[in-house]
Amino acid sequence: MFLDLNLAEIPPDMEDLLVMKLDVPHGAESQEFGWKKVGNEAGISRCELKYYEHLGGKNKSPTKLLLEKLGSQGRTISYLIEVLQKPRVELDNVAKTIRHRVTRI
């Protein structure tokens with residue numbers, strides 16, 4: 001099933017969608033990036049997240065790096081959806097977009 005697909009193996013169009021949604025700041029006040037919220041909730045170290053942020057300034061997507069890392073840990077699309085819905089992340093809109101995309105495939 002598509003929800004069980006490893007995050008390192010997601011189709012390029014879905015990866016592009018996630019990059020567009022998570023590489024931008026979320027929240028009017030916090031201006032925190034979606035990829036960083038997901039990384040924190042997924043237990044990625046602060047040091048590693050800083051590294052992703054640094055590479056983001058060099059035209060590399062922090063979201064892509066995070067998806068590769070989570071994929072290397074065996075994480076799936078369904079895991080990402082769960083994390084996006086957690087209270088500390090609050091990115092239900094992104095989770096719904098993924099779910100909608102998955103049901104169309």
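Modeller: Buried means under 20% relative accessible area, exposed over 50%, and partly exposed in between, with a 1.4 Å probe and protein chains only. This is a predicted model, where local features need pLDDT of at least 70, side-chain atom pairs count only at pLDDT 80 or more, and totals for chains, interfaces and linings use all residues. Residues are numbered from 1 along each chain as its sequence is written, and side-chain values use heavy atoms, with hydrogens and water left out.

Biologist: Is Lys50 buried or exposed?

Modeller: Lys50 is exposed, at a relative accessible area of 55%.

Biologist: How many salt bridges does the whole structure have?

Modeller: Five, taking a salt bridge as a side-chain nitrogen of Lys or Arg within 4 Å of a carboxyl oxygen of Asp or Glu.

Biologist: Which residues are linked in a network?

Modeller: Lys36, Lys50 and Glu53. Glu53 pairs with Lys36 at 3.0 Å, N to O. Glu53 is in helix H3 (residues 46-56) and Lys36 in helix H2 (residues 34-41), so this bridge ties together parts 17 residues apart in sequence. Helices are DSSP runs of H or I, at least four residues, numbered from the N terminus.

Biologist: And what is the N to O distance for Glu53 and Lys50?

Modeller: 3.5 Å. The two are three residues apart in helix H3, so about one helical turn separates them. Glu53 counts as partly exposed, at 30% relative accessibility.
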